[in-house]
Amino acid sequence: MIGELVRYRSFIKNLVLKDLKLKYRGSVLGFVWSLLYPVMMITVYTFAFRYVLRVEIEHYPYFLLIGLLPWNFFATSAHASTGVIIANASLIKKVYFPRETLPIASVLFSFAQLVLALAVFLPALVLVSGVPLHWTALLFVPLLGLHLLFTVGVAHLLSAVTTSFRDVAHFTEIGLLLLFWVTPIIYPITMVPADLQVYVKLNPAAAFTIAYQSVLFWGTLPEPAVLATVLGWTLAMLLVGQAVFQAYSTSFAEEV
Amino acid sequence: MEWAVELRGVSKRFLVRRNPAHSLKIRAIGLFHARYRERREELWAVRDVDLAIRPGECLGLIGPNGSGKSTLLRLMAGIFPPTGGTVTTRGRVAAIIELGLGFHPDLTGRENIYLSTSLYSLSSRDTDAIYEDIVRFAELEEFIDLPIKNYSAGMSARLGFSIAAHLEPDVMLVDEVLAVGDERFQQKCIERMQESRRRGTTIVLVSHATGLVERLADRACLLLRGRLEADGEPAKVVARYREALGIGPPPG
């Protein structure tokens, strides 16, 4: 399977480039739109949660950004993956190619935008907020890598199952909305009542967010339990996603 | 003998779904109301086909509508798994079932060439090597950097055929796509196919145009209701096909 994907790597690359080009071509502001969106969200959330609801945290915009950008990547990927097989039905019926390329390309498209946003916002906010970067910030890169793999697993699962049950698309939309509020992105995990924290931390999105905040914001190593949750979910989703995708993909050409 | 394509006892069953239960709601209602229950009917599109194609052979696949020609082609391409039997192919296989596959109207001709060829597992470097030839053959030198939504239908079809013609796979599976462009361009396409044949490409050609099969193929197969009814010299198989359809030999 990996060998097949390597053979089709230029197809994956071209799919991602196509989506990036089409997203920005013909718009005046171009890729600036990808930066404006987080700026607006951070402004509004800072107003609502820092100044109205008084979340007591210094350098709140920086704290928010660390959780929000990766979340946007995950949520956009999960949402887009539900439609990716159906949207490419005409290709699937007419030519052989490893079907995994479709969810992978759709995740990489969101990931490219995450990397772009991080490259602009992280240095900017570190400078503005004056929060010193600790050496633990180096761990941000491998954590992002795990997040990418985890999301690829989720995308495999969702894209495959949606071909048989179109409800999954709606379910995912609602699920993401709910998941966002039980993930400590706009509030720190320490504000969650102590006896509930253990359940919140089981949520994969929360584990990733807490780990990002540890290495970038607090300058500490992630707790072993959080790291174990991150690794466990990544491995589980990769395996489950792959297995489910394999089971469904042979009949894609007949189902879609 | 190393076959280019080998089918052994190949069958393909489709489940035609009445009331396909794509949503959980319908599935739940189906538990109580038989009328809404998903029913699956079997449809055998291909039954028990044995077919071995030599490297370099050009095989014409003929048969009336619904006889299973396209399904058989897709089985060879690996688009469907067979329900029974085995399909083995050697080398790089390219199925040309539709021209301009993967084209996006907002991308330029150049960008679409790279996208479309990568769909057939060509790397960017592979495509660099054939890029000029593709553009020249399609006669689109002046328009290649325009979005293809500005192309005429004929121009898109020419670009699509030109890409297909330059993929140079070991096995080329072609489904009714030769009828593009004006007569002069069609002639060019047929010549291009003959050139590929001379270079040793194995070709499987699905066509209604029996004249074309007689002209290009060195072997023909007739499919009727999913079964292989005749296999042999094109002229004889075409005659058998006409007999099955209940029409006489072509006039003249």
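**Two sheets in chain B**

Trainee: Which strand do five bridges join to strand β8 (residues 219-224) of chain B?
Mentor: This is a predicted model. Five bridges link β8 of chain B to its partner, and the two run antiparallel. That partner is β9(B).

Trainee: What is the bridge partner of B:L223 in β9(B)?
Mentor: Stay with the pair β8 and β9 of chain B, which five bridges join. Look in β9(B) for the residue bridged to B:L223. The partner is B:L228.

Trainee: Which strands are the edge strands of the six-stranded open sheet in chain B?
Mentor: The order is β5-β6-β7-β3-β8-β9 in chain B, with mixed pairing. From one strand to the next, the twist averages 15°. An edge strand here pairs on one side only. In chain B those are β5 (93-96) and β9 (227-232).

Trainee: Why is one side of β2 (39-53) and of β4 (84-89) of chain B left without a neighbour in the sheet?
Mentor: Three strands of chain B form an open, antiparallel sheet in the order β2-β1-β4. One side of β2 and of β4 in chain B has no neighbour because each stands at an edge, with a single partner strand.

Trainee: How many bridges pair strand β1 (residues 5-18) of chain B with β4(B)?
Mentor: The two strands, β1 and β4 of chain B, pair in the antiparallel sense. One of the bridges has B:S11 partnered with B:G84 in β4(B). The count for β1 and β4 of chain B is five.

Trainee: Which helix of chain B packs on this sheet?
Mentor: The helix touches β1, β2 and β4 of chain B. Its direction makes about 70° with that of β2(B). The helix is α2 (residues 69-77) of chain B.

How values were computed
Residues numbered from 1 in each chain as written. Chains lettered and ligands numbered in written order. Predicted model: local features only at pLDDT ≥ 70, side-chain atom pairs only at ≥ 80, totals over all residues. Pairing = 2+ DSSP bridges. Helix = DSSP H or I, 4+ residues; strand = E, 2+ residues; numbered from the N terminus. Axes fitted to C-alpha atoms, helices over the stretch in contact; angles between N-to-C directions. Contact = placed C-beta atoms within 7 Å.
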